[in-house]
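Visitor: I'd like a walk through this one, with the cut-offs spelled out as we go.

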2 protein chains.
Amino acid sequence: MKFCSACGHPVQLAVPPGDDRPRHFCPACGAVHYENPRVVVGAIAEREDRILLCRRAIEPRLGLWTLPAGYLESGETLAAGAVRETWEEAGARIAELTPYLMFNIAHIGQIYLLFRARLLEEDFAPGRESLEVRLLSEEEIPWGRIAFPVIGETLKTYFRDRRRGAFPFAIGDILPAAAWEAG
Amino acid sequence: MKFCSACGHPVQLAVPPGDDRPRHFCPACGAVHYENPRVVVGAIAEREDRILLCRRAIEPRLGLWTLPAGYLESGETLAAGAVRETWEEAGARIAELTPYLMFNIAHIGQIYLLFRARLLEEDFAPGRESLEVRLLSEEEIPWGRIAFPVIGETLKTYFRDRRRGAFPFAIGDILPAAAWEAG
């Protein structure tokens, strides 16, 4: 952010009076521009023992596999966002959504919420952002070609929970890649 | 939003190519400015059969009662945000946070996440945004003077769940006041 979205004046980065961290604020009109984490919603769409994965047609991670997921829109409920993303990316209809896993990805300001859901029919097709969409069993998951750490964690947790026969709601943390490599 | 935060040029509101809803975008530099829902995190801080409530020292709803809660900051985990807000508003330290209730407040673009947590000590004091902070039993809750519908719903659900002896994670919807009155 370089300019005030309210008046167009160049902003400054400093701790506003009464605040405790630097914000972009406008010395001309006084507006303080907060930066908030963004919410990503997605779905594990289940059909018997298989789930729906999409291969990305766009950067980043073009060609790698992911769950249908994307930014929650303003004015939309969490579940409605997951239904919309599943439709947009996989051309698939889901129902009976159950909140399942959340993840903090604090270093990039993202909060993920993944639902489990029932895939209503095997009639699906890649949307504009997907190269292909497939229903995959655990044995077929391309573990070495998953697009994002948060999706890998989700899938690992899901298949572990499925073996245990219970899917408890939980919140996890995704750390920067350097932290993963360090241990 | 009236001006582009990247280049300072006046923005336009229209559906960008390949998109499906109006966005503020900049005809000069091409930046698209997405508006995303904001996440509010808060806590039900428990001490035996009592919980911590704050009376608001600021607008809106000055003088009414609420749970410690506020906007999640960028770079912060959900639980860390709830701990911080409880410290800032109630001068209280909490631990053992369990995710409990989420709420869509779609008409104002907010997502709430309330944790249950253990209040570590009875040493607390109102922060800058609170007039007073009290530990209240169910009988003492000022039901007619709760600041926000989402807080009233949270408290109702909490005491109902407590009587049932289980606190299942759930997502609810808070509708506009007009819908409440009509329904």
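Visitor: In what order do the 3 strands of the open sheet in chain A run?
Guide: Strands here are DSSP runs of E of at least two residues, helices are runs of H or I of at least four, and both are numbered from the N terminus. Two strands pair if DSSP finds at least two bridges between them. In chain A the pairing of this open sheet is antiparallel, and the order is 1-2-3.

Visitor: Before we go on, what kind of model is this, and how is it numbered?
Guide: This is a predicted model, where local features need pLDDT of at least 70 and side-chain atom pairs count only at pLDDT 80 or more, while totals for chains, interfaces and linings use all residues. Residues are numbered from 1 along each chain as its sequence is written, and chains are lettered from A and ligands numbered from 1 in the order in which they are written.

Visitor: Back to that sheet: which are the edge strands in chain A?
Guide: Strand 1 of chain A is joined by 3 bridges to strand 2 (residues 23-25), running antiparallel, and in that pair A:A14 stands opposite A:R23. An edge strand pairs on one side only, which picks out strand 1 (12-14) and strand 3 (32-33) of chain A.

Visitor: And in chain B, which strands stand at the edges?
Guide: Chain B has an open sheet of 3 strands too, antiparallel and in the order 1-2-3. Its strand 1 and strand 2 (residues 23-25) share 3 bridges, with B:L13 opposite B:H24. Each edge strand has a single partner, so one side of each is left without a neighbour in the sheet: these are strand 1 (12-14) and strand 3 (32-33) of chain B.

Visitor: How many helices and strands does chain A have overall?
Guide: Read along the sequence, the pattern is β-β-β-β-β-β-β-α-β-β-β-α-β-α. The C-alpha atoms fill a box of roughly 60 × 35 × 30 Å along the principal axes. The secondary structure of chain A comes to 3 helices and 11 strands.

Visitor: What distance separates the centres of the two domains of chain A?
Guide: The bounds come from an automatic or database domain assignment, which gives domain 1 (1-35) and domain 2 (38-182) in chain A. Taken over C-alpha atoms, their centres are separated by 35 Å.

Visitor: Is A:C54 buried or exposed?
Guide: A:C54 lies in strand 5 (residues 50-56) of chain A. Beyond its neighbours within four places in sequence, its contacts (C-beta atoms, placed from the backbone, within 7 Å) include A:W65, A:E89 and A:V133. The test counts other C-beta atoms within 10 Å, again placed from the backbone: 20 or more is buried, 12 or fewer is exposed, and in between is partly exposed. With 27 of them, A:C54 is buried.

Visitor: Which residues have the most contacts inside the largest nonpolar core?
Guide: A nonpolar core is a set of buried Ala, Val, Leu, Ile, Met, Phe, Trp, Tyr and Cys residues joined through C-beta atoms within 7 Å. Setting aside neighbours within four places in sequence, A:A43 is in contact with A:L67, A:I94 and A:F115, among others. The largest core has 90 residues, and those with the most contacts inside it are A:A43 and B:A43.

Visitor: How are the two copies related?
Guide: Superposing by least squares on the C-alpha atoms of residues with pLDDT of at least 70 in both, a rotation of 180 degrees with 0.0 Å of shift along its axis puts chain B on chain A, at RMSD 0.0 Å. The copies are thus related as by a two-fold rotation axis.

Visitor: Which element gives the largest share of the side of chain B that touches chain A?
Guide: The contact takes 30 residues from chain B and 29 residues from chain A. Elements giving two or more residues on the chain B side are strand 4 (38-47), strand 8 (94-105) and strand 11 (170-173). The largest share, 3 residues, comes from strand 8 of chain B.

Visitor: Last one: which residues of chain A is B:S74 in contact with?
Guide: B:S74 sits in the loop between strand 7 (69-71) and helix 1 (78-90) of chain B. With 16 other C-beta atoms within 10 Å, B:S74 is partly exposed. Its contacts, leaving aside neighbours within four places in sequence, are A:E35, A:N36, A:P37 and A:G109.

Definitions and conventions. Contact = placed C-beta atoms within 7 Å.
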